[in-house]
Amino acid sequence: MAGGLPKSSESNTSTYAGLGALLMLPSWVMIGFFLVLPVGLMLVYSFLTKEFRGGVIWEFSLAAYDQFFFDRGLFGDDPPVIEWTYIKIFWRSIWQAGLATFFCLIIGFPTAWFIATRTGANKSIWLFLITIPYWVNLLIRTISMKFLIRDNGPLNEWLLSLGIISDPIHMINTNFAVQLGLFYSYLPFMVLPIYASVERYNFAFSEAAADLYASRLTTLRHIILPFVKPGIIAGCILVFVPSLGAFLAPDLLGGAKNFMIGSLIEEQFKGNAGNWPFGAAVSMILLSMVLVVLTFYARQQSKGGVR
Amino acid sequence: MTEIAVDVVNMTKRYGNFVALSNVSLSILDNEFFTLLGPSGCGKTTLLRAIAGFEDISEGAIKLYGEDIADLPPNKRPVNTVFQQYALFPHMDVTANVMFGLLQLGQDQATAGARAAEVLDMVQLTEFADRLPSQLSGGQQQRVALARALAPKPKVLLLDEPLSALDLKLRQAVRQELQQIQQDTGITFIFVTHDQEEALTMSDRIAVIADGEVQQVGPAREIYEAPVNKFVADFIGETNLIDVAVSDVMNGNATCTLPGGAQFTCPAAIGAVAGNGHLSVRPERVSLVKPKDGLLQGSTVRQTYLGTDMHVDVRLKDGEILTVRLQNSEGTDIPEQGALVGLNFETGAARLLVD
């Protein structure tokens, strides 16, 4: 018996070592199938030659990237000049996504603060109310937003009937409409992470700050904001990244004039007019931009905020 | 006469229908170590928070060196607080925590830094100056909280059960240190605790609070030896409460009949009246004697060994149990279980209470 003990523990260790690799398998399959494979496929496609009825020819080409950055004239034999069309679309997307992030933060922070400072059951009710619209498909919600703000929609009619305006405000197919759509779509992604960090905030810190002669504004800037910063950064990323690649809101609310990256990519894969390698290349450029943002975030996190 | 540091005048605090503090009046003197003592939920912390400015008061006034501060927000009151869980800013190192209040008062970095170093030296934390609170032990965090509150040289320092999170040994060491710091700085300390030993050992004066009312204010010895009512006698230390019939109260002395029929005269608390009442006698002031020599008679029912002392519980004829504390020294006669004994105490050891 005495000799049996170490032996069995030894065999246990080896059993678990074998199991370890097995237990990792689902994770590897998930990452491989849902992350590496699709992204790898896009990366490969972006370096292939386009086929005119959609699809690709398996022949290496830098044409997709060249098309994005350079204009070589109608027949492709002029000296290359910088192509601004797509860069402008990118710029507009970054601008719109940044604005949406800004507005979500301005509205989302007080909202999250309000919910986190409610007591007991009220907290759950408010959180529940915030999530209810998201039980409905985003497409439906975006279309209903379109209905609400069109020239003879309920919003304009209400404003007219109140006599606040004398002519309907044209909102549909403007930057404002796109902004409204993005804001509406992604607000909860700002509220929820900020809520989580405000919830962990100990209000004794605010009392201590007040006790040490700090005004409310100073307390907010020097005590509260540093504490909830991880939540704010997480919220900003969760709003900025999907806004950057959004295509429903710009498509349905913005019209052709207010094109964003998401719509540009979508168009490349639609029907016969598409250009798969170009769509893949645009996706790759978008992905690398997102990676830059996320790296920045990771750096901020590792610098250490409040745990 | 010493100046009054904090004057609480007829102060009432209500939460809806609940009265947390009812018509409280207290005068805390300059340079005093003053303790608010009471069971949890008695209102002592509410009183402290009202002085700090975290609670609005419903009625009355709070004066700080003669100036009414009841309407000032906390950041405008020249008092500082050591919080129960310390509430150190987690993202700032020790020095930054201590400097925070000084910078808010408009001091420049150099002045504030020098003062922070000075206070950190006083609480012996110089070598931990650039640590984060999370890298400190509970005792060290407590010192940082103290240093942070002392740094701006407040007129009054408020301490909300600052020792409750420390273990026993550390607590005892910190008590002496706190007393020393109070004497060295000359700052008025208002200390909240539910621990009577803490209160008795540290304070110049104690206010015993129960059910939102001040029961008694006085030095430790007075509170312990001359409690005014049943609550104070029972809450501070251990006591025996004996039912008596009081026939007369005159000139602060009460004449009463003990359960065995013996007549007894002892000091009475102010406000005590004739009728049925309670005598308070501390266990260490009761002696065991032969049955016929005792004011009371009974039989021993239990003995509890406490190290330095021995507790002997004696059941009287009417079923009431009194405790006698005997010192564990050579020659102390410990009666056998069930033995018939007499209990005796001197006139000054007993006191008629207000119920």
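Predicted model: local features only at pLDDT ≥ 70, side-chain atom pairs only at ≥ 80, totals over all residues.
Figure 1. In S5(B), B:Asp68 is the bridge partner of B:Lys63. Two bridges join S4(B) to strand S5, residues 67–68 of chain B. These two strands run antiparallel. The hairpin of S4(B) and S5(B) has two residues between the strands. B:Tyr65 in this hairpin takes a positive phi near 45 degrees. S4(B), residues 59–64, is also joined to strand S1, residues 4–15 of chain B. B:Val9 stands opposite B:Ala61 of S4(B).

Figure 2. B:Arg14 and B:Glu59 form a salt bridge, with the closest N and O atoms 2.7 Å apart. How accessible is B:Arg14? Its relative accessibility is 36%, so B:Arg14 counts as partly exposed. B:Glu59 is partly exposed as well, with a relative accessible area of 39%.

**Figure 3. Helix H2 of chain B, its ends and its packing.** B:Asp93 caps the N-terminal end of H2(B). A side-chain oxygen of B:Asp93 lies 3.2 Å from the backbone nitrogen of B:Thr95. The buried residues of H2(B) are B:Val94, B:Asn97, B:Val98, B:Met99, B:Phe100, B:Gly101 and B:Leu102. What do these buried residues pack against? In chain B, they pack against helix H3 (109–122) and helix H4 (138–150). In chain A, they pack against helix H8 (204–211) and H9. After H2(B) comes B:Gly106, whose phi is positive, near 95 degrees.

**Figure 4. The interface between chain B and chain A.** In this view, 23 residues of chain B are in contact with 17 residues of chain A. B:Asn75, B:His91 and B:Gln104 supply 29% of the area that chain B buries against chain A. That is more than any other three residues supply. The area buried between the chains is about 1800 Å². Carbon and sulfur atoms give 67% of that area. Seven residue pairs are in polar contact between chain B and chain A, both residues being at pLDDT 80 or more. Three elements of chain B each supply at least two residues of the side that touches chain A: helix H1 (44–52), strand S6 (79–82) and helix H2 (94–104). By class, this side of chain B has 14 nonpolar, six polar and three charged residues.

**Figure 5. The salt bridge across the interface.** How many salt bridges are there between chain B and chain A? The count is one. The side chains of B:Arg49 and A:Glu207 meet in a salt bridge at 2.6 Å, N to O. Both residues belong to a network of salt bridges. B:Lys13 and B:Glu55 are linked in that network too.

**Figure 6. Two further salt bridges, one in chain A and one in chain B.** Over all chains, the count comes to 17 salt bridges. A:Glu266 forms one with A:Lys270, the closest N and O atoms being 3.7 Å apart. A:Glu266 counts as partly exposed, at 22% relative accessibility. The cut-off for buried is under 20%. A:Lys270 is partly exposed, with a relative accessible area of 47%. In chain B, the side chains of B:Lys292 and B:Asp293 meet at 3.8 Å, N to O. Is B:Lys292 buried or exposed? B:Lys292 counts as exposed because its relative accessibility is 71%. B:Asp293 counts as partly exposed, at 43%.

**Figure 7. A:Gly245 in the loop between H9 and H10 of chain A.** Where does A:Gly245 sit? Its place is in the loop between helix H9 (216–244) and helix H10 (248–254). A:Gly245 is partly exposed, with a relative accessible area of 27%. Leaving aside residues up to four places away in sequence, A:Gly245 touches A:Gly262 and A:Leu286. A:Gly245 and A:Leu287 are 42 residues apart in sequence. In space, their C-alpha atoms are 9.4 Å apart.

Technical notes:
Residues numbered from 1 in each chain as written. Chains lettered and ligands numbered in written order. Heavy atoms only, no water. Helix = DSSP H or I, 4+ residues; strand = E, 2+ residues; numbered from the N terminus. Buried < 20%, exposed > 50% of the residue type's maximum accessible area, 1.4 Å probe, protein only. Contact = heavy atoms within 4.5 Å. Buried area = accessible area lost by both parts, 1.4 Å probe. Salt bridge = Lys/Arg side-chain N within 4 Å of Asp/Glu carboxyl O. Polar contact = N/O pair within 3.5 Å; in protein donor to acceptor, adjacent residues only side chain to side chain. Nonpolar A, V, L, I, M, F, W, Y, C, P; charged D, E, K, R; others polar. Pairing = 2+ DSSP bridges.
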